[in-house]
Amino acid sequence: MCCSMRPTAVLLIALIGMTPAASAQAGPVPVDTAVLAFAPRVPLPITRRRPARVVVLLEAEERVGNLDAGIEYPFWTFGGQVPGGFLRVRQGDLVEFHLRNHPANRMPHNIDLHAVTGPGGGAASSLAPPGREAVFEFQAAAPGLYVYHCATAPVGMHVANGMYGLMLVEPPGGLRPVNREFYVMQGEFYTDSVFGEPGLRRFSMEKALAERPDYVVFNGEVGALVGPGALTARVGETVRLFFGNAGPNLAASVHLTGEVFDRVFPDGGQTPTVGLQTLSVPPGGAVIAEFAVEVPGTYTLVDHAIFRAFNKGAVGNLRVEGPANPKIYAGRVSEEVYLIEGGVIQTMPTPADSAARALTLTERLDRGRRVYGRTCIACHQANGQGVPGTFPPLAGSDFLNDNPRRAIGIVLNGLTGPVVVKGTTYNAVMPALRLGDDDIAYVLTYVLSQWGNSGAVVSREEVRHARLCPWCDASVPMPR
Ligand code: CU
């Protein structure tokens, strides 16, 4: 949702006053210190060394946004985006919190900040009907990383619709410096349809009660951290990830393929644990994870309950650029054939086709890019180069460009046995993918448009033809 929203929502944190003693020491404090901190961005570290009075203006806004390309959802938000704005204060600050409920909204909203010591985390004090503003104050007493969320009944529905975010309370000395900080929050969406079905979707209380989400996503949208939205860093840098799990139902198992988290503050607490691989984050919990990036490449952030990653949206990328580091990672050094179970095609159920209006080529390419990002990228890589000796390249592939219709069949039915691509033989197994006709057409059209490929366009009719008549060639009339 983040990238599709109009960028008008602003979280304003203004320092409007200090204690008289502090003011005497430091002089006037600027009033217009504003922080725009929507995921994956994070506000700058606190530099002052004494507590302040911090005014926070946050607006509840109900608005329709993108859950995926071509899929809209009526989000309820803090600040117009999912997740809501990242709040960053210092331990001991007095927070004057203004929760505004936009007049065009239909629901009352409030906020429960887990950083608050007091009844409901501020929920009762902050309840505001549409067109009203509630103001309450609290001291940021304990350092840590905290979830906030709407707590208006039905609470689960307000959370499931997107009303959550993170608040960081820095210790007096601040966090240790790093090169990059990122804000990622996982959340589930329960809809009146199935994953990938285009159109305007609605909340399903039935699925929420059954804890069976159609979507599990990072930062409110399938593909928010893929392609142009990928997180970026350079070799040799240090990274701090602020990861929250809104739930509302599922615990997250946070894993970054190809990395070990060097220092982790479980549940956003104060005592670090070192050297962790997969971080368990409960609904309503958060974690701070620090790591150094030492090898260039594209790393994949997933919920390691792995079907959520590749079939429900909980996948993102960290793209690290810089010189190779063969002492840490040498890449492939040898290759042998090893087939103990034989090559078998893994099949998965075929979904109902998604009915869709006629899309422009640009729209189809965008959808294809997203399908690629959640389905193909792990093997064929972000730049289509594949993995040497294992997964053939799609970039400049003679095998692909010579016969796109053959590629339709492979995506539909899987592939086992050797293929020769650009003079090299590959003998991996590709499973039959659970994609509808539209998505197959989109992703193949996207791949054919990239990386020096032919630019050929694949239609859903061609895919349907291949699905219904796999033994036919394209010159045979399409079966009815
Ligand atoms: Cu609410």
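1. In what order do the five strands of the open sheet with mixed pairing stand? The order is 13-21-20-15-18, where strands are DSSP runs of E with at least two residues, helices are runs of H or I with at least four, and both are numbered from the N terminus. Two strands are taken as paired if DSSP finds at least two bridges between them. Strand 13 (231–234) and strand 18 (278–281) are the edges of this sheet, and because each has a single partner strand, one side of each is left without a neighbour in the sheet. Direction ignored, neighbouring strands here are turned by 20 degrees against each other on average.

2. A word on the basis of these remarks: this is a predicted model, in which local features need pLDDT of at least 70 and side-chain atom pairs count only at pLDDT 80 or more, whereas totals for chains, interfaces and linings use all residues. Residues are numbered from 1 along each chain as its sequence is written.

3. As an overview, the chain holds 10 helices and 23 strands. Of its 480 residues, 44% count as buried, a residue being buried if 20 or more other C-beta atoms lie within 10 Å of its own, exposed if 12 or fewer, and partly exposed in between, with C-beta atoms placed from the backbone. Among contacts with a separation of 6 or more, 72% are between residues 24 or more positions apart, where contact requires that the two C-beta atoms, placed from the backbone, lie within 7 Å.

4. Leu-301 has Gly-316 of strand 21 opposite it. In general, strands of a sheet pair through backbone hydrogen bonds, either parallel or antiparallel.

5. There is also an open sheet of six strands, again with mixed pairing, in the order 12-10-14-19-16-17. Strand 12 (215–218) and strand 17 (273–276) form its edges, each pairing on one side only, and the twist from one strand to the next averages 25 degrees.

6. Strand 14 (residues 238–247) runs antiparallel to strand 19 and is joined to it by eight bridges, with Phe-243 standing opposite Val-287. Strand 16 (residues 261–265) is likewise antiparallel to strand 19 (residues 285–292), through three bridges, and here Val-264 has Ala-289 as its bridge partner. Six of the eight residues of strand 19 are buried, so this strand is largely enclosed by the rest of the structure.

7. Turning to the helices, helix 9 (residues 437–449) and helix 10 (residues 460–468) pack at about 120 degrees with their axes 8 Å apart; axes are lines fitted to C-alpha atoms, for helices over the stretch in contact, and angles run from 0 to 180 degrees between N-to-C directions. That angle makes helix 9 oblique to helix 10, given that angles under 35 degrees count as roughly parallel, over 145 as roughly antiparallel, 65 to 115 as roughly perpendicular and the rest as oblique. Asp-437, Asp-438, Ile-440 and Ala-441 of helix 9 meet Arg-460, Val-463, Arg-464 and Arg-467 of helix 10. The contact has three nonpolar, no polar and five charged residues, with Ala, Val, Leu, Ile, Met, Phe, Trp, Tyr, Cys and Pro counted as nonpolar, Asp, Glu, Lys and Arg as charged, and the others, Gly among them, as polar.

8. Helix 8 (residues 404–413) also meets helix 10, their axes coming within 10 Å and crossing at roughly 60 degrees, and the two are therefore oblique to each other. From helix 8 the contact draws on Arg-405, Ile-408, Gly-409 and Leu-412, and from helix 10 on Glu-462, Val-463, Ala-466 and Arg-467. These residues divide into four nonpolar, one polar and three charged.

9. Two loop residues complete the note. Pro-213, in the loop between helix 4 (205–210) and strand 12, is buried, because 25 other C-beta atoms lie within 10 Å. Leaving aside residues up to four places away in sequence, Pro-213 touches Glu-188, Phe-189, Tyr-190, Lys-207 and Lys-312; Phe-189 is 24 residues away in sequence and 5.5 Å away in space, C-alpha to C-alpha. Tyr-329, in the loop between strand 21 and helix 6 (361–380), counts as exposed, because it has 12 C-beta neighbours inside 10 Å.
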